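Here are my notes on the model you sent over. Have it open while you read, and go through the points in order.

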Amino acid sequence: MIKNFSPQALGINGRQSELIELALTYAFGGMDVDMSEMLRRSQRSSPEDAAKYLNAAKIKIGGFNLDVDLDADDDAFTSQVGTLHPIADLAKQLGASRCYLRLPAATDRLPYHEYFETQRDRLSQISQALEPRGIKLGVGFKAGKEMGEGKEFAFVRNVEGFVALVSAVGSGTVGYLIDTWDWVVGEGAMDQISELAADSMVAVRLASVPYDVDAAKATTADRVLPTLDGPLNHVKLINHLAEVGFKGPVSPGASSTRYKGTTRESIVQKAQEAVDGIFKEAGLHVAPLPMDLIEDI
């Protein structure tokens with residue numbers, strides 16, 4: 001598995017060169033990128049120029065978010081799927097093989113069972129655009145208790161519904177984005193992850209519910225950097241992923257609202273310390289930070 005830096009999962013942003021520098025400073029082996037921005041840059045110059053900083057840093061692309069709204073009307077959704085083809089072509093050229101998308105937590109469009117079929121069909125359409133390029137789609141869900149506000153119909157907000165929908169797609173291109181915060185808030189447990197096939201897990205995000213917050217009432221703002229244990233033991237999870245041969249990106253995550261007044265670098269450092277601590281406790285090798293190597297020399 002790849003210790004991966006996902007700026008979006010940590011609620012931070014910046015120029016690509018700045019984010020790459022953070023990834024290198026804190027010894028992340030992979031990094032999520034903005035593939036839509038990469039496409040715009042490649043169209044202005046070339047794919048090689050768009051990826052020059054990544055290539056110079058020798059850092060792997062962990063994955064990228066798809067700019068597709070699964071709750072859009074039919075015409076808008078069809079148009080968005082059409083834009084996936086050049087993005088997927090570029091991703092293949094750059095060696096990216098994983099992308100991410102979250103299910104709507106609620107909708108005004110259709111009741112649950114009808115909307116379930118709509119979402120299954122839409123995920124199938126997306127997979128048809130990605131499969132020829134060898135790109136897997138990691139589907140996640142949003143369990144925050146505020147996510148259904150203002151919508152007429154609730155949709156996937158728990159692990160049971162999430163697993164049912166992704167498995168119903170029936171495509172080897174479509175798998176799971178396992179977010180441990182959503183898993184806990186969405187009434188999931190470790191044994192449900194253990195039941196998933198290794199090749200069905202596309203990416204993993206690690207985050208925790210604060211000890212003073214009831215998971216049954218947690219909102220998206222109640223997302224903190226991953227701890228070793230808790231309702232879902234992160235050390236046991238990483239051990240399981242290692243045992244089944246998971247090769248994808250593992251990224252720490254947190255809500256930026258929990259770290260107001262903290263510098264971007266400090267957030268990334270704390271995220272690195274959190275994920276490194278989990279990996280070490282699981283008995284996995286953790287790459288030393290560049291500064292540590294300099295001190296050793």
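**Notes on salt bridges and a helix contact**

1. Let's start with Arg-15, which forms a salt bridge with Glu-18, the closest N and O atoms being 3.3 Å apart. A salt bridge here is a side-chain nitrogen of Lys or Arg within 4 Å of a carboxyl oxygen of Asp or Glu. Arg-15 counts as exposed at 60% relative accessibility, while Glu-18 is partly exposed with a relative accessible area of 24%. (Buried means under 20% relative accessible area, exposed over 50%, partly exposed in between, with a 1.4 Å probe and protein chains only.)

2. Before going further, keep in mind that this is a predicted model: local features need pLDDT of at least 70, side-chain atom pairs count only at pLDDT 80 or more, and totals for chains, interfaces and linings use all residues. Residues are numbered from 1 along each chain as its sequence is written, and side-chain values use heavy atoms, with hydrogens and water left out.

3. Glu-18 has another partner: Arg-264 forms a salt bridge with Glu-18, with 3.5 Å between the closest N and O atoms. This pair links distant parts of the chain, Arg-264 in helix α13 and Glu-18 in helix α2 (residues 16–25), 246 residues apart. Helices (H or I, at least four residues) and strands (E, at least two) are DSSP runs, numbered from the N terminus. Arg-264 is partly exposed, at 31% relative accessible area.

4. Where does Lys-3 find its salt-bridge partner? The side chain of Lys-3 meets that of Asp-276, at 2.8 Å from N to O. Lys-3 lies in strand β1 (residues 2–5) and Asp-276 in helix α13 (residues 264–281), so the pair ties together parts that are 273 residues apart in sequence. Both Lys-3 and Asp-276 are buried.

5. For the overall tally, the count comes to 17 salt bridges. Arg-102, Asp-179, Asp-182 and Arg-223 are linked in a network of them.

6. On to helix packing: α3 (residues 35–44) and α7 (residues 84–94) pack at an angle of about 90°, with axes 10 Å apart. Axes are lines fitted to C-alpha atoms, for helices over the stretch in contact, and angles run from 0 to 180 degrees between N-to-C directions. Contact means heavy atoms within 4.5 Å. Residues meeting there include Met-38 and Leu-39 in α3, and Ile-87 and Leu-90 in α7.
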